[in-house]
Amino acid sequence: MKPQDVLAHRATVLSDEQRCAFFDQGFLVLPDYVPQAWLHRLRAAMAELLDRSRAVTQSDSIYVLEEGHSRNTPRLHRVSSPQDQHAVFWEFFTDPVMTDLAADVVGPDVKFHHAKLNVKSGKGSQGFGWHQDIPAWPHTDFSPVTIGVYIDGCTDQQGPLTVAEGSHAGPLFSMYDDSGNFVVKIRDKDLRWLTDDKVRTITGGPGTTLLLNCRVVHGSSPNRASAARPLLLPVYSSADSFAYTPSPIPSPHQGDIVRGQPARFASFDTRPVEMPPDWRFGYKPVWAHKKPTPAY
Ligand SMILES: O=C(O)CCC(=O)C(=O)O
């Protein structure tokens with residue numbers, strides 16, 4: 001669904017000003033949005049996953065390990081598809097606290113695509129280079145939105161998400177490096193336009209929530225503080241927006257309608273998207289390319 005059609009529906013959570021700010025700038029920050037009761041449950045579920053990761057010795061399709069990870073000191077960079085690892089995450093992703101918020105920017109009928117939990121253990125080595133998300137999972141339009149929740153909050157030192165304001169309205173950049181690897185990182189030569197005045201750094205207290213349009217240029221540096229910086233990142237779209245490539249982070253829940261009704265017609269925005277590799281034949285994660293700032 002296109003922004004003008006979304007705006008024709010009444011909002012549930014956001015004000016008209018907040019919705020317009022989201023469509024103008026490509027992102028919106030809601031300080032302390034997620035209630036404490038949910039944050040408690042999410043922390044407990046995350047602690048269980050961290051505990052399970054003690055048995056993992058190298059990064060796999062679920063756990064991406066941070067340097068220094070061991071059975072005694074579990075250290076994670078990311079958990080892929082947390083909703084398939086622990087029921088609490090799916091409960092959260094389908095709760096109105098998330099789905100009503102998504103509806104305010106994608107329209108009343110909301111579809112789930114995938115999710116990640118970027119744990120970013122303290123004193124970490126991994127950040128996320130500047131990138132755009134949609135080239136990894138193209139859709140028929142650009143309605144997909146990532147709703148990022150800082151479970152414990154995030155300070156300047158913890159590798160906060162940084163966003164290039166308004167960049168969703170610009171071009172999509174290549175996510176391939178000079179050797180043809182899909183590294184989900186924009187090449188330096190394509191970033192000359194990105195001056196400091198365009199960069200917004202998103203920090204905030206526990207429960208602070210960020211809505212990020214799928215075309216926005218964003219990234220983050222490694223976590224230099226000692227505490228982890230968990231950021232939960234489910235992705236939703238309008239029900240009438242369809243992914244047309246396999247997902248790099250597959251889930252049995254991909255395509256589930258989490259609010260409203262399935263679509264009878266697809267919505268199309270014909271701006272071009274560079275195709276990702278064919279994920280049907282296996283996904284070579286970005287950290288496997290030995291690049292300094294992996295993103296996926
Ligand atoms: O967790 C972060 O700091 C950035 C995450 C990100 O950009 C992504 O997963 O696409």
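Sort the shell around the ligand by class and you get three nonpolar, five polar and five charged residues. Keep in mind that this is a predicted model. In total, 13 residues surround the ligand, and the closest are Lys116, Asn118, His131, Ser220 and Arg229.

Where do those neighbours come from? Four strands each supply at least two residues of the shell: β4 (110-118), β5 (128-131), β10 (218-220) and β11 (231-238).

| Residue | Ligand atom | Distance to a side-chain N or O atom |
|---|---|---|
| Lys116 | oxygen | 2.9 Å |
| Ser220 | oxygen | 2.6 Å |
| Arg229 | oxygen | 2.8 Å |

How much of the ligand does the protein bury? Taken alone, the ligand exposes 290 Å², and 98% of that is buried by the protein. As for its location, the ligand sits in the largest cavity.

Now for the largest pocket, which has a volume of about 250 Å³. Its lining is made up of 16 residues, and Pro3, Phe142, His168, Asn213 and Arg271 are the ones nearest the centre. Two helices, α1 (3-7) and α2 (16-25), are the elements that give two or more residues to this lining. By class, the pocket lining splits into eight nonpolar, three polar and five charged residues.

Terms used. Residues numbered from 1 in each chain as written. Predicted model: local features only at pLDDT ≥ 70, side-chain atom pairs only at ≥ 80, totals over all residues. Heavy atoms only, no water. 1 Å grid on protein atoms, 1.4 Å probe; cavity = no way out; pocket = protein on both sides within 12 Å on 5 of 7 lines; lining within 4 Å. Points joined across faces, edges and corners; volume = space filled by probe spheres on them. Nonpolar A, V, L, I, M, F, W, Y, C, P; charged D, E, K, R; others polar. Near = heavy atom within 4 Å. Polar contact = N/O pair within 3.5 Å; in protein donor to acceptor, adjacent residues only side chain to side chain. Areas by Shrake-Rupley, 256 points an atom, 1.4 Å probe, with all protein chains shown as cover. Sits in = over half its atoms within 2 Å of the grid points.
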